[in-house]
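Subject: Structure handover

Hello,

Please find the structure below. My notes on what was found in it follow.

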Amino acid sequence: MRKTALITGASKGIGKEMAFLFAEKDCNMVLVARSEDRLMRLKEQLEAKYAVSVYIIVKDLSLSGAAQELFNELKEKKIEVEYLVNNAGFGDYGVFSGTPWERYEKMIALNVTALTHLTHLFVQEWRDRKRGKILNVSSTAAFQPGPMMAVYFASKSFVLMLSEALEYELKRDNITVTTLCPGPTETNFGDESKMHASQLVKNVKIANPREVAELGYRAMMKGKSVVIHGAANKIAPFGIRLIPRKWVTRLSARVMQSK
Ligand SMILES: NC(=O)c1ccc[n+]([C@@H]2O[C@H](COP(=O)([O-])OP(=O)(O)OC[C@H]3O[C@@H](n4cnc5c(N)ncnc54)[C@H](OP(=O)(O)O)[C@@H]3O)[C@@H](O)[C@H]2O)c1
């Protein structure tokens, strides 16, 4: 029988590439995002090219109760999920004090609360059947504080810490938890987060979303713990272990400063 993957933030970028990867492996899908037109087009494209069935759910996952509603809809439709890809997320470039609270509230609700709630709902079901795979999309931002994107960096640290702890806890239930840490990637994220204003994007190689999705997909299937995309992106998480934390923040601030 065909398995089913649930992908949040599947309308664009890394999530959309992930949908193609699952389709290429004959996996049915539930695709979630806010843009109905984009999801509809993607569903048509995938079902025309591959022998898969795609169910779309148009939902703003930053709204209170959204994860539960999504889970309930799947129960109602008797769709059993094997793979959960928590990918939806966004950032915002700017000083903490100058950014409206509502922007941060939405960011934490999506990047942290929705991801945690969906994970909690699925593992409760999966621990009895002793099977399931989760891919949580974090970032290279997870490894250090990020002045100018303080809340986003902190939200991605949360994702990394949560996922590593759950990877350990859930082993006994045969559930794997993989964390994907992309560096800057050519998606809508740059415009949404206003990241183009920072030195960071000037100084690093911008990755292709397909390659990032492939790394995450393969790691999830192998049940790996944490994967970082790009050779250069792997240096910082290792290097910062060797220097005082104060320096880490200063270095990060220098990299994040505006152009
Ligand atoms: N691109 C990068 O440089 C980069 C680097 C490191 C980590 N990441 C992480 O990678 C993940 C995917 O981002 P991306 O780069 O592919 O960015 P993207 O192209 O902006 O895609 C984000 C996806 O999330 C969905 N989304 C946004 N807000 C949502 C909400 N409130 N409810 C439901 N869905 C929502 C978007 O769809 P709708 O707008 O249709 O809702 C879209 O499908 C994010 O978690 C991001 O933090 C990205």
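Is the crossing of α3 and α4 left-handed or right-handed? The crossing is right-handed; a crossing counts as left-handed if the near helix is turned anticlockwise from the far one by less than a right angle, and as right-handed if clockwise. Helices and strands here are DSSP runs (H or I, at least four residues, for helices; E, at least two, for strands), numbered from the N terminus.

Before the rest, two points on the source. This is a predicted model, in which local features need pLDDT of at least 70 and side-chain atom pairs count only at pLDDT 80 or more, while totals for chains, interfaces and linings use all residues. Residue numbers start from 1 along each chain as its sequence is written.

Helix pair

α3 (residues 66–76) and α4 (residues 101–129) pack at an angle of about 35 degrees, and their axes are 9 Å apart. Axes are lines fitted to C-alpha atoms, for helices over the stretch in contact, with angles from 0 to 180 degrees between N-to-C directions. On the α3 side the contact is made by Ala66, Ala67, Gln68 and Phe71, and on the α4 side by Ala114, His117, Leu118 and Leu121 (contact: C-beta atoms, placed from the backbone, within 7 Å). These residues divide into 6 nonpolar, 2 polar and no charged. Nonpolar means Ala, Val, Leu, Ile, Met, Phe, Trp, Tyr, Cys and Pro; charged means Asp, Glu, Lys and Arg; the others, Gly among them, are polar.

Core

The largest nonpolar core has 63 residues, of which Ile7, Met18, Ala19, Met29, Leu31 and Val32 touch the most other members. α4 gives the most to this core, with 7 residues. Such a core is a set of buried Ala, Val, Leu, Ile, Met, Phe, Trp, Tyr and Cys residues joined through C-beta atoms within 7 Å. Buried means 20 or more other C-beta atoms within 10 Å of a residue's own, exposed means 12 or fewer, and partly exposed lies in between.

Ligand

Of the 30 residues around the ligand, Gly9, Gly13, Arg34, Ser35 and Gly89 come nearest (near: C-beta atom, placed from the backbone, within 6 Å). The shell divides into 11 nonpolar, 14 polar and 5 charged residues. Its largest share, 3 residues, comes from α1.

Loops

Lys78, in the loop between α3 and β4 (83–86), has a positive phi near 55 degrees. Lys130, in the loop between α4 and β5 (132–137), has a positive phi of about 60 degrees. Most residues other than glycine have a negative phi. Lys78 counts as exposed because it has 6 C-beta neighbours inside 10 Å.

Regards

Methods: Contact = placed C-beta atoms within 7 Å.
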